[in-house]
Amino acid sequence: GISIHQCRRLMAHCRSDPRWSEAFTMRDLVERYVKPMTRGSGVGYALKQNLATPLEVNVMVSHAWDENAGEFFAALERSVHEHDIMFICALSLYQCEDGCGPTIAQQLGTDAEESPFRRVLSHIRFCGDEAGWRWRWRPWLGSLPGLTLLCGIFVFCLPTLLYGCVPTFTYCMAVSADSRFREVASMSPAQLFSSFLLGSTTWIEQKREPQFAIYAASALVCGCCSAISWLTLRRARIYDGRMVVVPNREIDLYSRLWCVYEIYVATELGVRVEVARTLARAGRLSSRLATCGCQEDTNRIHSEIQAGSVGYEQIDQAVWLTTRGARWNALKLSLGYGLSIAIFIVAYLRVKGSDKNVAAIVAGILLACVFDTCAIYGVFRRANGMPSLLSVLALSLALAMVGFIILCIDRHYMLSGWYAHLLEQFAFAVAISAGYLICFVVAATIAVFCFPRLSRVKSAAMPVLAGTSLSLLSIMTGCEAGSSASPLHSIYPSVVSNACFVAGFFFVPAYLCWSAAVRWGVRIRKRPTCRSNARER
């Protein structure tokens, strides 16, 4: 097996060669670099790098050889951990055919059952069975820190959502009735950005009820559970055997029979299959039409499928379920972040005295997040994760127009009650998302032209977001405390309410855009220049 660090080192070696081109495929990388480095050794590149201490594989990688090499390794970097050990056929098998080692045919075996792919997947299943239930439930265990943190945020904000006040262990702090900050409650979400410097005159103790201590204590317990579960998962190193499928922008992955066969075997053995973090499409061809580079391999695999209990329709269904994972991940991302944004925004509005229906506002923001995600995902997915600048700008304009039209309908028919609040928040959230998309376009364009490798932005983005959020929170809290009659008394509720504002309107949406760009490889497509066209020719 080979680690992602060693793959990174291989790409650095290739890029240091003046003859290297970013248009090279995995086939080119093997022919120009892997074969010369392994010729005469009789072992594959992965084993040669770890000859003294071979690494045990826990991740089977399924990919096509005609995909772009740089994008393939970039997708792997986003999809595997530093401690994962991968089986990549291009690097794990001996490719030279020079008589110093086994031939490709000998390594693949005379029967598909003997292929290294099936043996690796069988080994992953064996190790998974030894790990027990923790391996089978690992995806759910991995989501435990995020779920408990979200529960903690909801429980802490629940008194704010219900009573419009900031909870403590003994009472609830609310803005006084004569405070000019209560003007915020009548403002639209778009106007809030220009009003955050308004000062709060007075915070008062609104209620003294025993359940406030329960809310605060429960939120503290959820926060501790989130931190403990996160640290435990990091230190426990639960076995994470799986198969990672890497789609690409160049070729229909499942027109390659070996890729289809690997999905079939993994499904048959009960090994978890994940799609790599990329918006490139896997393709739509039927497994019945898939082929191998060698006709003998094609006939052999087709014969095994036809002789087995699982037919082509079941294999196509397994492939479809596998590729559907990317859509499900996008929906989970939308719901998780959308719920966080909704909770923070509604909590802020309630503190400022809003009497709008809480459920309607939350539903409107969540519905807008799902709508935005479907629209953005559809455009970016259609472009294989690399849309043009013009298409993204057109999408932003379309989202703004949808929000404006819905708002006009709401105003024209003078709707009232629950539906009015829902439509109003939906319209504002959709329109605001257009502005966030414009910001993403600007950031992505700067990243593409100033930083050819987006990984350089990855390490800097989070500190910049955190620093900007803390600076904005400090300014808002300082302005409130400075205009308050009792500054020390108002610091805690001011920090909580302003943190909801910053998190709902800036930090969470910005982090969502950053996640899309870094974790999924989304970027704006460069316009080809005359110089690059001449170099390609």
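Residues are numbered from 1 along each chain as its sequence is written, and side-chain values use heavy atoms, with hydrogens and water left out. Because the model is predicted, local features need pLDDT of at least 70 and side-chain atom pairs count only at pLDDT 80 or more, while totals for chains, interfaces and linings use all residues.

**Cavities**

Rolling a probe the size of a water molecule over the atoms shows where empty space is left. Here a cavity is a set of points, on a 1 Å grid over the protein atoms alone, where a 1.4 Å probe fits but cannot get out. Grid points are joined across faces, edges and corners, and a volume is the space filled by probe spheres set on the points. Two cavities of 30 Å³ or more are found. The largest cavity has a volume of about 760 Å³.

Its lining holds 31 residues, where a lining residue has an atom within 4 Å of a point. Asp372, Thr373, Ile376, Leu512 and Cys513 lie nearest the centre of the largest cavity. Four helices each supply at least two lining residues: α14 (312-351), α15 (358-382), α17 (418-450) and α19 (487-519). Helices here are DSSP runs (H or I, at least four residues), as are strands (E, at least two), numbered from the N terminus. Of these helices, α17 gives the most to the lining, with eight residues.

What is the make-up of the lining of the largest cavity? It divides into 24 nonpolar, six polar and one charged. Ala, Val, Leu, Ile, Met, Phe, Trp, Tyr, Cys and Pro count as nonpolar; Asp, Glu, Lys and Arg as charged; the others, Gly among them, as polar.

**Salt bridges**

The whole structure has 14 salt bridges, each a side-chain nitrogen of Lys or Arg within 4 Å of a carboxyl oxygen of Asp or Glu.

| Salt bridge | Closest N to O |
|---|---|
| Asp66 and Arg27 | 3.0 Å |
| Asp84 and Arg242 | 2.8 Å |

Burial is set by relative accessible area: buried is under 20%, exposed over 50%, partly exposed in between (1.4 Å probe, protein chains only).

Asp84 forms its salt bridge with Arg242. This pair links distant parts of the chain, 158 residues apart: Asp84 is in the loop between α4 and β3 (85-87), Arg242 in strand β7 (residues 242-245). Asp84 counts as buried, at 1% relative accessibility. Arg242 is also buried, at 1%.

Asp66 forms a salt bridge with Arg27. That pair links distant parts of the chain too, 39 residues apart, with Asp66 in the loop between β2 (59-62) and α4 (69-79) and Arg27 in helix α2. Asp66 is partly exposed at 30%, and Arg27 is partly exposed at 36%.

Asp129 and Arg125 are separated by about one helical turn, because they are four residues apart in helix α7 (residues 116-131). Asp129 is partly exposed at 39%. Arg125 is partly exposed at 29%.

A network of salt bridges links Asp84, Arg138, Asp240, Arg242, Arg272 and Glu274. Within it, Arg272 sits in the loop between α12 (257-269) and β8 (273-275). Its side chain makes polar contacts (N or O atoms within 3.5 Å; within protein, one must be able to donate a hydrogen and the other to accept it, and residues adjacent in sequence count only if both atoms are side-chain atoms). The contact with the side chain of Asp240 is 2.7 Å. The contact with the side chain of Glu274 is 3.2 Å.

**Aromatic pairs**

There are eight aromatic pairs. Rings of Phe, Tyr and Trp (its six-membered ring) pair if their centres lie within 6.5 Å; planes under 30 degrees apart count as stacked, over 60 as edge-to-face and the rest as tilted. Tyr348 and Phe501 have ring centres 5.0 Å apart and planes at 55°, so the pair is tilted. Tyr348 in helix α14 and Phe501 in helix α19 are 153 residues apart. Both are buried.

Trp20, Phe24 and Tyr33 form one aromatic cluster. The side chain of Tyr33 also joins that of Asp17 in a polar contact of 3.1 Å. Asp17 lies in the loop between α1 (4-15) and α2 (26-38). Asp17 is buried, at 15%.

**One further contact**

Ile238 lies in the loop between α11 (211-236) and β7. Ile238 is buried, at 11%. Ile238 and Arg134 are 104 residues apart in sequence and 6.8 Å apart in space, C-alpha to C-alpha.

Note on methods:
1 Å grid on protein atoms, 1.4 Å probe; cavity = no way out; pocket = protein on both sides within 12 Å on 5 of 7 lines; lining within 4 Å.
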